[in-house]
Each structure stands twice: as C-alpha cells, then as structure tokens.
Amino acid sequence: MLSVATLLCVSCLLLGARGQDRTAMWRGNDRSGRCQYTFTVNSPTEASCPTQAGGPEMDALKSRLSLLEVMVTRLAGGEASGAVGTAAGGPGAGVVQQQQQQQQQKLQEAYSQAMGEKAQLRREKDNLDRQVQDLQRRLEESRQEAERLRSRPCVQTPPAASAPQQDSGLRPAGGPSVLSHLVPSGQTGSLRDPSWHYGSPGYQELKAEVTEVPVPTPAYIEVGTGCGELVAIGEPVTHRKADTIAGKYGVWMQDPEAVAPYGAGMVWRIDTVGSEVRQLFGYEDTDQLARGYPTKVLLLPEAVESTGATMYRGSLYYQRRRSRTLLRYDLSSESIAARRDLPHAGFHGQFPYSWGGYTDIDLAVDEQGLWAIYSTNKAKGAIVIAKLDPHSLEVLKTWETNIRKVTAANAFMICGRLYTVASYTAAETTINYTFDTATSQGKALSVPLKNKYRYNSMIDYNPVQRKLFAWDNYHIVSYDVRLGRQQ
C-alpha cells in the first residue's frame, strides 16, 4: 500500500523536482467537504510562466498530472479496501463465524432428531401392519370356523339325566338338520354381564348368515280370520325411501289398538341411525307417509336404542339407549308413563341379531299382546321370549328357545308364535324357525321371504293389518301374510 510520503516522492520524480525544498503538498477539504491533495513544484528552467498556455512542456506537465491523478485514485481505493479488510479480520469476524457454527450445529441436531422420529414412525407403522395382518388372519379363521360349523349342524334337545342324548325331531327324514345354529346342550362360556359390556358407541354391522335348508311346506290352507301358523308371505310393497343417512335403519309402526287423539290409520316412524335418536314422526296414513310430510313430530325425553320399538294401545314402547330399561311413552300426555328393567337382558351389542345394530331387545305386538325378544347370559345367547304387561312392563312369563339370537337376522311374533328370519341380505331368504309359546315347542320352517333391497334391519307384525312391516336399506316396505289352520 502506498503512503503519502511515497506519493510525494513519486510526484517529485514525475514532475522533475530536484530537491525537497522545491516541492510542497497541501491536503484539505474543498467547499463540498471532499479531500483534495495540492502539489506545488517549482519549474527547473523557467523563472516565470509564459503568457500563453501550451507548448511541449505544458503537454508533458498535463500528462504527468494525469498519471498522478490515477495513482491518487488507486491510493484512495487501496485505503478503503484496507479499512474494510481490517474490519472483516477484526474481533467481529470471529463472533460471526462462531454464530454460524452454532446455527449449523443446531441444524444438524434438528436433522438428526427428525431422522430419529422418522425411524420411530416407520417402526410403529410396521407394528400396525403386523397387527392388521394378524386381525385379518383371525377374521379368516373365524370365517372358516363358521363355515365349518354350518356344514356340521347340531340340533339337539337337552338330554335327560339318565337317558342318552336324542334328536329333537327337527331333522327331516333322510336329510340334514334344518337348523344349523341352535344352542348345543351343555355349552359353557365366559359371557360377561351386559352391564359391563358397552363396547363402541358407534353403530355395529355384524355380518352373519344362516344356512337355509328347505323343508316341505305345511299342508294347511288359509281359513280367513283367526290365528294359525304362518304359511306364506307376499311380495314386498315399497311405501317410501328415507331421504338421509339417518334412515338407513329405522322402524315404522301402526297402533293395532289406537287410542285418541290418534286414529288407527296413523303411521309412526323413527330413523334410528345416530347416537341420540329421539324424534318420532307421525303421518295421518300411508299415503301421507309416501309423500313425506309428517303431521306430528314428537321429541322423546330419552334416546331410543336400535330398531326394536313398537306401538300398542296409545303408547310407544322402546328400549332406552345403552341400557336394558324398557320405556312406555304415552302419546296423549307426551310423557314417560312407565319404565322397567328387563331382567338379565343383554344390551348394547351383547346379544344382537346377525346384522348387529344393537338389536339386543326387540319388542313386538300380536293378537295376544306385548312381547319382548332378547337373550341372557343364563340362556347362553339363545332367544328368550317374555310376555309383558302393557301397562307396567312387568314380565308375566318367559320361554327359552334353542336357537341362537345372533344367528337370526330378525324375529317377530304372530298369534303367540315366534318366527325367525334366516338372512337380512339374501334377496331370497326364508322364515326358518318357529316357537309356539302355547306348547313351548319349536320346529323348523321354510317360508320364503324377499329382501328386495338387500339389507333388512327391522321386521314387525301388525295383527290388524295382517301385514309384516319392514325397513330394508332406507326403504319402508310391507308384506301381506297368510296364516294356516289352527292346529
């Protein structure tokens, strides 16, 4: 880097100075504050300046001054660069470098942590994949076991203490057993009390089918009015399709013994999809139901569980949500008129029908009154029938059948007889079993039934209309029935 002294020496040489006494330099700011260097050099040959500018000496002097200006410019630029370099190389540079190293270290630590979390997530994903595969394997084994059990039916009555086990008489001659899912005698299990069996609050859809083996149709004929055994079911008649997902499952009813202020033609409907089902819709008749405009909407004080409700003598009977409590809701006063627990009944998914939906308790009405269809731990999942007092809901009498409730798609009562449906999804299914409460005897049947929309979640009987009311995959349908001669 050139110093001012060096610059003076150079300027003296450039301008032809002979000694330091003949050369002088001044440095100062001009009017604008800019630093200026001023050089005074005595002419080595002239005592005075010529009157006119020009000539070779003046040209040489201008050339030397231009060269001097270039060097001064370079000198000023070098000092500025030196100042900047000094600042960069001073103590501040070390601080900046240290901060950069710290930031780099933090980034490296964050990257290492992210990679560790990624590896942990990958391990958890692998674990979940293994669990899913294990569940799929168990599901397949359960399906194969169910198929195996269907192919090896067991229809037995409980053996006497001193007699060998005998067939119950439900096996057609020369053919396989008609009922492939009856409760085996002497079965043991570890079923928990339903009060502790809540499970998931969402709707369940337990897929199950019942093997159907045809048997000869009873040789009775219709004899008009009066009770008898079910011998035929007509084609499904569609009245309306539900508008929303809440109507995928539901229940619809007509009161066979209607009480004022509502007439016998009044139709009632409950859409049962949801965690808090409380709306009861009323329609003047089936025509208004088909149009979809209710004349009455009631808000029930307590939520409904599933599709097991029924209407009888001016009251709605239903199961309170997540409990074994039965409620009688009086339509005229619009209030709860009676409540009672159904003793030992399973609820909220312990003993449902095969389609699920928390259908543990199913209430029904026929020519003989009000019934409950359910199961208990003591019955080991077999269907239990209870005759109820319609006023107090007291259990008057019970019957235990030998068909598992979970193998039946649905059930209903006609003339004191229980009837079970084999499948809720098969387009062509059957009524495959009946139990007569008058004789406490059950037997196989094969009465054809059509699931037109392939998901029948509710079937009830109306003794006045002599029809089956059903809810089939959003669709409200009904069937005519024919009863045979009373035996």
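This is a predicted model: local features need pLDDT of at least 70, side-chain atom pairs count only at pLDDT 80 or more; totals for chains, interfaces and linings use all residues.

What follows is a run of entries, from the whole chain down to single residues.

**Whole chain**

I counted secondary structure and got four helices and 23 strands in the protein chain. I then checked burial: 39% of the 487 residues count as buried. For the surface I have an accessible area of about 26400 Å² for the protein chain, with 52% of that belonging to carbon and sulfur atoms. I also looked at contact range. Taking contacts between residues at least 6 apart in sequence, I find that 57% join residues at least 24 apart.

**Cores**

Which residues have the most contacts inside the largest nonpolar core? I get L230, I233, F412 and I431, in a core of 38 residues. I also found a second, separate core of 29 residues, which includes V251, L280, Y283 and L300. As background, nonpolar side chains tend to be buried together in soluble globular proteins.

I picked I431 and listed its contacts, leaving out residues up to four places away in sequence. I431 touches L230, I233 and F412, and the list also has Y419, T420, V421, L445, S446, V447 and L449.

**The β19/β20 hairpin**

I went on to the strands around that residue. β19 covers residues 428-436 and β20 covers residues 441-450, and I see them pair in the antiparallel sense over eight bridges. Within that pairing, Y433 stands opposite A444 in β20. The hairpin has four residues between the strands, and S440 takes a positive phi there, near 60°.

**Sheet β9 to β12**

In which order do the four strands of this open sheet run? I read β9-β10-β11-β12, with antiparallel pairing. The edges are β9 (310-312) and β12 (335-341), each pairing on one side only. Neighbouring strands here are turned by 25° against each other on average, direction ignored.

I looked inside the sheet too. β10 (residues 315-319) and β11 (residues 325-330) pair over five bridges in the antiparallel sense.

**Sheet β13 to β16**

I found another open sheet of four strands, in the order β13-β14-β15-β16, and the pairing is antiparallel. Its edge strands are β13 and β16, each of which pairs on one side only. β15 and β16 pair over six bridges in the antiparallel sense, and L388 stands opposite V395 in β16.

Most residues other than glycine have a negative phi, and most peptide bonds are trans, so I went looking for exceptions.

Where does L393 sit? I find L393 in the loop between β15 (382-388) and β16 (395-404). L393 is not a glycine, yet has a positive phi of about 70°. Is L393 buried or exposed? Its relative accessibility is 3%, and the cut-off for buried is under 20%, so L393 counts as buried.

H344 also has a positive phi, about 65°, without being a glycine. I place H344 in the loop between β12 and β13 (362-366). H344 has 63% relative accessibility, so I log it as exposed.

For the peptide bonds, I noted that the one from A260 to P261 is cis, with omega near 15°. P261 lies in the loop between β5 (250-254) and β6 (267-271).

**Cysteines**

How many disulfides does a search of the whole structure find? I get one. C227 and C415 form the disulfide, with their sulfur atoms 2.2 Å apart. The torsion about the S-S bond is about -90°, so I wrote it down as left-handed.

The pair links distant parts of the chain, 188 residues apart. C227 is in the loop between α3 (91-151) and β3 (230-233), while C415 is in the loop between β17 (410-414) and β18 (417-421).

I checked accessibility for both partners. C227 is partly exposed at a relative accessible area of 25%, whereas C415 is buried at 6%. I also looked at C35, which is partly exposed at 43%.

Definitions and conventions. Residues are numbered from 1 along each chain as its sequence is written. Side-chain values use heavy atoms; hydrogens and water are left out. Helices (H or I, at least four residues) and strands (E, at least two) are DSSP runs, numbered from the N terminus. Buried means under 20% relative accessible area, exposed over 50%, partly exposed in between (1.4 Å probe, protein chains only). Contact means heavy atoms within 4.5 Å. Accessible areas come from the Shrake-Rupley method with a 1.4 Å probe; for residues, only the protein chains shown count as cover. A nonpolar core is a set of buried Ala, Val, Leu, Ile, Met, Phe, Trp, Tyr and Cys residues joined through side-chain atoms within 4.5 Å. Two strands pair if DSSP finds at least two bridges between them. Axes are lines fitted to C-alpha atoms, for helices over the stretch in contact, and angles run from 0 to 180 degrees between N-to-C directions. A disulfide is a pair of cysteine sulfur atoms within 2.5 Å.
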